[in-house]
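Biologist: I am new to this structure. Can you walk me through how to read its strands and its pocket?

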Amino acid sequence: ESSAASDVYKRQIVPFLAPDIPPNFESVASSVGDLNDVGHAVGAEHFEEELPDGSFQTVRWALHLDMASWTYTRLQAPNGSYYPGCVNNLNQIVGERTDGGRAPVFWNGLDAAPVDLPLLPEDTEGSALGINDAGIIVGFSSHDASSDKGVVWRVFVDENGDVSFVDGPVPLPPLDGDTRTAGLDLTELIDGSFQVSGNSRGEAGTPIGPAEADVWTIGVDPDGTLATPPAPVALGTLVLYDPTNSYGNAIIVLGDVCGSSDGMPYVAPAGQTAQALPVTRNTYRGQARDINDAGEIVGYLTILLKGGSHITEDA
């Protein structure tokens, strides 16, 4: 009888590729942005489409996959210029629109049209990076590529399917002395509050940094609107280089955060600062990308080989 551990190694790796594509399409790449707790994934597949004159054009499909039934759904995404990056357990999806810039978008389910999220005043672009089951979204708003500001939104959908943004974008305040923030992940809403992980850093156009991973704890008022976020709690860095930096890539409801600091992976248990994760010999750099409630962490390591070459391995 096989053990639970050995069963893990028997699981099949399945490419994220839509079946039954048109005959004049050639699949060239695909990527998965997120996987929720009930086995639904979102991402995109890229194709080269042969046109009647013999030339080719690049086409992108925004896709949802239900892994229980292996059913693919092509999301509404005009001109192929949308990328879904996160899905919650209600199959609400967020991501970005990339035609002529970047804009944060929201899909209220698999058959819904994408809806642009509002930006901060005077900003022109942004992206939505995460959504929880309460319809709270984290991402960024900016007026150019070097002025990202971490923000949160809250979306409501009425019985007719009409989408409204009861609040947001609400900016995430930086640490004292900093001017910029990034919100990268968030927890579920529990007992009237949720947490966001990300980082705080200095002004663009100056010697940027050092960036430091942070956690914001944000309340939700009785009417459902977001309370003003307080100052973040800094998670520190591994102090491997000067200047030293850290980024909070993911957070779980227990408060643990993982990410990268000075190019190496770390974990910060709830209430503690960044601690180095063990890595293999000759690791050159690495990153912890996500963490679950069991404390299991995924990411990658880049390992130096003899002769100066290197390989990148999933961890």
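This is a predicted model: local features need pLDDT of at least 70, side-chain atom pairs count only at pLDDT 80 or more; totals for chains, interfaces and linings use all residues.

Biologist: Which residue of strand 12 stands opposite Val-155?

Modeller: Phe-165 does. Next, look at the link between these strands. Strand 11 and strand 12 form a hairpin with five residues between the strands. There, Gly-161 takes a positive phi near 85 degrees.

Biologist: What pairs with strand 11 (residues 149-157) in the antiparallel sense over six bridges?

Modeller: Strand 10 (residues 136-142) does.

Biologist: How should I picture the side chains along a strand?

Modeller: In a regular strand, side chains alternate between the two faces of the sheet. Now to the pocket.

Biologist: What is the volume of the second largest pocket?

Modeller: About 170 Å³. Its lining includes Phe-140, along with Arg-102, Leu-129 and Asp-148. Arg-180, Thr-181, Ala-182, Gly-183 and Leu-184 line this pocket too, as do Asn-199 and Arg-201.

Biologist: Which elements give two or more residues to that lining?

Modeller: Strand 13 (180-186) and strand 14 (193-201). The largest share, five residues, comes from strand 13. By class, the lining of the second largest pocket has four charged, four nonpolar and three polar residues.

Biologist: How many bridges join strand 15 (residues 212-219) to strand 16?

Modeller: Two, and these strands run antiparallel. In strand 16, Ala-234 is the bridge partner of Asp-214.

Biologist: Why is strand 17 (residues 246-251) described as largely enclosed by the rest of the structure?

Modeller: Count its buried residues. A residue is buried if its relative accessible area is under 20%. Five of the six residues of strand 17 are buried, so this strand is largely enclosed by the rest of the structure.

Biologist: What does strand 17 pair with over five bridges?

Modeller: Strand 18 (residues 257-261), running antiparallel. Ile-251 has Val-257 in strand 18 as its bridge partner. Strand 17 and strand 18 form a hairpin with five residues between them. In the turn, Gly-255 has a positive phi of about 100 degrees.

Conventions: Residues are numbered from 1 along each chain as its sequence is written. Side-chain values use heavy atoms; hydrogens and water are left out. Two strands pair if DSSP finds at least two bridges between them. Helices (H or I, at least four residues) and strands (E, at least two) are DSSP runs, numbered from the N terminus. On a 1 Å grid over the protein atoms alone, a cavity is a set of points where a 1.4 Å probe fits but cannot get out, and a pocket is an open set with protein on both sides within 12 Å along at least five of seven lines; lining residues have an atom within 4 Å of a point. Grid points are joined across faces, edges and corners, and a volume is the space filled by probe spheres set on the points. Ala, Val, Leu, Ile, Met, Phe, Trp, Tyr, Cys and Pro count as nonpolar, Asp, Glu, Lys and Arg as charged, and the others, Gly among them, as polar. Buried means under 20% relative accessible area, exposed over 50%, partly exposed in between (1.4 Å probe, protein chains only).
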